[in-house]
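Good morning, and thank you for making time for this presentation. I would ask you to keep the sequence and the structure in view while I speak.

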Amino acid sequence: MKKIVAIFKNKEIVNRIFFTIIILFIFRIGAQITVPGVTIQGDLNSYLSGNNALALMNLLGGGTLQTFSIFALGVSPYITAQIIIQLLSTDVLPAMTELKRQGQYGRKKIEMATRYLTLLLGAVQAYGIIRTMQSGTYSSYITFTLLDNLGSNMEWLGYIYIVLVMLAGTMLVMWLGDQISVKGIGNGISVIIFAGIVRSLPTQMVTAFQTWVVQNWGTGNEVKGIFQFLLYILVYLLIVAFVVFTELAKRKIPVQHSGKSGGQTQSMAKASFLPIKINPAGVIPVIFASSIMMAPSVVVAFIDANQTNAEWLKIFSNSELFPMPGGWYMPWGLIIYIVLILFFTFFYANITINPQQLAENFQKNGSYIPGIRPGNETERYVKKVLNRVTVIGALALTFIAALPVVLNLLNVFGSASSLALGGTGVIIMVGVAIEIGNQIDGLLAGKSFDEVVAGGGN
């Protein structure tokens, strides 16, 4: 309660929160404006919830794909571009690695390269989505009237127009995100995604209430329905608590510095450590895995849109079971999805915390891990600890990300697949909430420090 009072007493924090709310309000207005020349004629959201690749895009865009709004691409191309540039900057592309080491100048160049790559990926993604939605089941939910009116000879102009509108929407979303980062609370892109996820929570809870309480009312199963609804809420809260634990849990490696004086107290020595999160990669492995699962259908959409419903493409759907000899079924899509998440978790963890670079920095700064020799031995020790810790984080991340898929495959919620617990949304929501909380704590701490200085330290 004291913290809430302190927040409202801090004018800077209040202004930042108010500014963030205004930007999010503008974003939600844009999210309801459908791309000109496109008509939504059904509940596209209900179908997207069953397609995990496009469902992730809809999630990252804050629900903008279900209305095919001008913000339909959301920040998905920008996130993918960031990940690719970050990977190229880790000694894969020497020019990018050199830019990374050039301080502020290098960061500006890398950010510019990220934005150019965002435009390229956004154009490819937009065209792939249009071609995919023109065929198959999507055609009963969405109609591209502009393309139909132009005819086959001038159809390419319609594609260019819709792609440009979607690209403009993505760049505007990025600009709104930048404004939040500079003048608001939290990382702008993350906050926009967070707002889209939180927006869907009331709908999810209302659907759960109607499914178990309203539909059972007057049938003699009222008590059972209420119990199921309360159990659903409890399990949801337990999953959120589990994600919070995995986000905050870390392994602390003690570090000492040879430059410190011999009179250092024991408490000061304990304060020096290297924290390694059990999930240093965050939600990036899930995004990368989903992007790879979606890539084949996008590529096929470029070659031949009529093949987007081909049987062989369904192997990349993690929401289907495939018949095997003997009358049993194998979830190949789910298995591929889990393997990709595990792989990218370890891969990205070793990029985020580079043991070799860490060992070199320790040597330069005169730091060392007690009982471990500097150099190669330090590198091997950090790598061993990182891999062991990442095993826990990878399993936890895989469990949360795969949980809704497994529940839907088991048909736990029947036709109400949107009620599936867990998933990428919970991970993002918790991570962003923790990040915002840390920034508010930092602003409050800065205010307290200023008051102490102004009071002469009394």
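Let me begin with a definition: rings of Phe, Tyr and Trp, the last taken by its six-membered ring, form a pair if their centres lie within 6.5 Å, and planes under 30 degrees apart count as stacked. By this rule, the count comes to eight aromatic pairs. Please bear in mind throughout that this is a predicted model.

One of these pairs is formed by F27 and F71: the ring centres are 5.5 Å apart and the planes lie at 0°, so the pair is stacked. The pair links distant parts of the chain, with F27 in helix α2, residues 11-31, and F71 in the loop between α4 and α5, 44 residues apart. Are the two partners buried or exposed? F27 has a relative accessible area of 2% and is therefore buried. F71 also has a value of 2%, so F71 is buried.

F68 is placed in the loop between α4, residues 52-60, and α5, residues 76-88. Its phi is near 45°, a positive value in a residue other than glycine. Because F68 has 0% relative accessibility, this residue counts as buried.

I turn to another aromatic pair, F343 and F347. Here the ring centres are 5.9 Å apart and the planes are at 15°, so this pair too is stacked. F343 and F347 are separated by about one helical turn, because they are four residues apart in helix α14, residues 332-352. With a relative accessible area of 48%, F343 is partly exposed. F347 is partly exposed as well, with a value of 36%. Ring pairs also bring in F344, linking F343, F344 and F347 into a cluster.

Let me now step back to the chain as a whole. Its secondary structure comes to 17 helices and eight strands. The chain has 458 residues, of which 44% are buried. If we take contacts between residues at least 6 apart in sequence, 71% of them join residues at least 24 apart. The chain exposes about 23700 Å², and carbon and sulfur atoms supply 64% of that area.

On that surface there is a nonpolar patch of about 540 Å², made by L150, M154, W156, L157, I160 and L164. Which helix gives the most to the patch? The answer is helix α9, residues 155-183, with four residues. L150, in turn, is found in helix α8, residues 145-150. Because its relative accessibility is 32%, L150 counts as partly exposed.

My next topic is charge pairing. How many salt bridges are there? The count comes to four.

In helix α2, the helix that also holds F27, E12 forms a salt bridge with R16, and the closest N and O atoms are 3.4 Å apart. The two residues are separated by about one helical turn, because they are four residues apart in that helix. E12 counts as partly exposed because its relative accessibility is 41%. R16, at 17%, counts as buried, because the cut-off for that class is under 20%.

R115 forms a salt bridge with D178, with the closest N and O atoms 2.6 Å apart. This pair links distant parts of the chain: R115 lies in helix α7, residues 103-134, and D178 lies in helix α9, 63 residues apart. R115 is partly exposed, because its relative accessibility is 21%. D178 is likewise partly exposed, at 27%. R115 and D178 are linked with E111 in a network of salt bridges.

E247 forms a salt bridge with K277, where the closest N and O atoms are 3.8 Å apart. Where in the chain do these partners lie? E247 is in helix α11, residues 222-248, and K277 is in strand β5, residues 273-277; they are 30 residues apart, and the pair links distant parts of the chain.

To close, I return to two of the contacts described. The stacked rings of F27 and F71 and the salt bridge between R115 and D178 each link distant parts of the chain. Thank you for your attention.

Conventions:
Residues numbered from 1 in each chain as written. Predicted model: local features only at pLDDT ≥ 70, side-chain atom pairs only at ≥ 80, totals over all residues. Heavy atoms only, no water. Buried < 20%, exposed > 50% of the residue type's maximum accessible area, 1.4 Å probe, protein only. Patch = residues over 30% accessible without salt bridge, like charges linked within 9 Å, V, L, I, M, F, W, Y side chains within 5 Å. Areas by Shrake-Rupley, 256 points an atom, 1.4 Å probe, with all protein chains shown as cover. Salt bridge = Lys/Arg side-chain N within 4 Å of Asp/Glu carboxyl O. Phe/Tyr/Trp six-rings, centres within 6.5 Å; stacked < 30°, edge-to-face > 60°. Contact = heavy atoms within 4.5 Å.
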